[in-house]
Amino acid sequence: MTATLLGHGLTARFGSREVFTGVDVSVDAGSVLGIVGQSGSGKTTLLRILAGLTAPAAGTVEQRGVELRPGTIGLIAQHPRLVTNPRWTLRRIVAEPATIARRNCDIEAVAGRVGLDPALLDRFPSQVSDGQLQRACVGRLLVQAPRFVLCDEPTAMLDPLSARAVIGLLQALVDDGAGMVLVSHQRRLVDARCRDVVDLDVR
Ligand SMILES: Nc1ncnc2c1ncn2[C@@H]1O[C@H](COP(=O)(O)OP(=O)(O)OP(=O)(O)O)[C@@H](O)[C@H]1O
């Protein structure tokens, strides 16, 4: 059975304001679903609902064909500095999923896979660039090996070269069988990468 992340009839509301209503989402293993929409249309909120971080006002999220275990869903954020512990070295950030699962992991090899100079592993986030930190976050995802990856504007903070590299690394996760949801303002990027697109402006 193909692993699928499904959202059905999802509605988001903050106070009396409804952000979106009745959104259906489906992403299969090995494919990329794009989410587009103008600023404030609810793209990040939809990702948070799919990740289980925010409860929907209505609707359901389910994972089909997947053994439910911690770490099934991985996240990549727009601002890597907001989601990494500033007191942890990159080595600790990358290794965290293995540490939680009490398994060994060759962190140098992971750094090599994501094009991160292993010499940077013992630095703190404040001592590396946004692109280097985002590569460490992708490395963390490789260690986590989630079935679904939710990406919120993953290249927004990066120069074009780093952006291309990070997109290539994320695509490699999809090629390895992960299902991906990609939020981006860049319609061209979404159209090039995504089989299906949810447009929160067209509802
Ligand atoms: N915790 C919250 N409490 C109240 N309102 C919120 C909360 N989180 C988001 N909102 C509001 O919900 C709407 C959707 O926000 P969201 O961040 O999901 O939009 P977005 O499409 O990701 O925007 P952007 O493209 O600017 O990142 C916005 O109007 C925002 O102000």
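Start by selecting Ser162, Ala163, Val166, Ile167, Leu169, Leu170, Leu173 and Val174: in helix α6, these are buried (under 20% relative accessible area with a 1.4 Å probe and protein chains only; exposed means over 50%, and partly exposed is in between). Look down the axis of α6 and you'll find its buried residues within an arc of 160°, so they line one face of the helix. That arc is taken from the directions from the helix axis to the C-beta atoms. Here's a handy rule: an α-helix has 3.6 residues a turn, so residues three or four places apart point the same way.

A quick word on what you're viewing: this is a predicted model, where local features need pLDDT of at least 70, side-chain atom pairs count only at pLDDT 80 or more, and totals for chains, interfaces and linings use all residues. Residues are numbered from 1 along each chain as its sequence is written, and side-chain values use heavy atoms, leaving out hydrogens and water.

Now colour Pro160, Leu161, Arg164 and Asp175, which are exposed on the other side of α6. Helices here are DSSP runs of H or I with at least four residues, strands are runs of E with at least two, and both are numbered from the N terminus.

Next, zoom in on Asp159. What does Asp159 cap? The N-terminal end of α6, with a side-chain oxygen 3.0 Å from the backbone nitrogen of Leu161.

Most residues other than glycine have a negative phi. Select Glu153, in the loop between β6 and α6: its phi is positive, about 50°, although it is not a glycine. Is Glu153 buried or exposed? Its relative accessibility is 6%, so Glu153 counts as buried. Then jump to Arg102, in the loop between α3 and α4 (107-113), where phi is also positive, near 55°. Arg102 counts as exposed because its relative accessibility is 80%.

Last stop: the largest pocket, with about 400 Å³ of space. A pocket is an open set of points on a 1 Å grid where a 1.4 Å probe fits, with protein on both sides within 12 Å along at least five of seven lines; lining residues have an atom within 4 Å of a point. Show Leu53, Leu75, Ile76, Ala77 and Val83, which lie nearest its centre among the 19 lining residues. Then pick out α5, which gives the largest share of the lining, four residues.

Definitions and conventions
Points joined across faces, edges and corners; volume = space filled by probe spheres on them. Polar contact = N/O pair within 3.5 Å; in protein donor to acceptor, adjacent residues only side chain to side chain.
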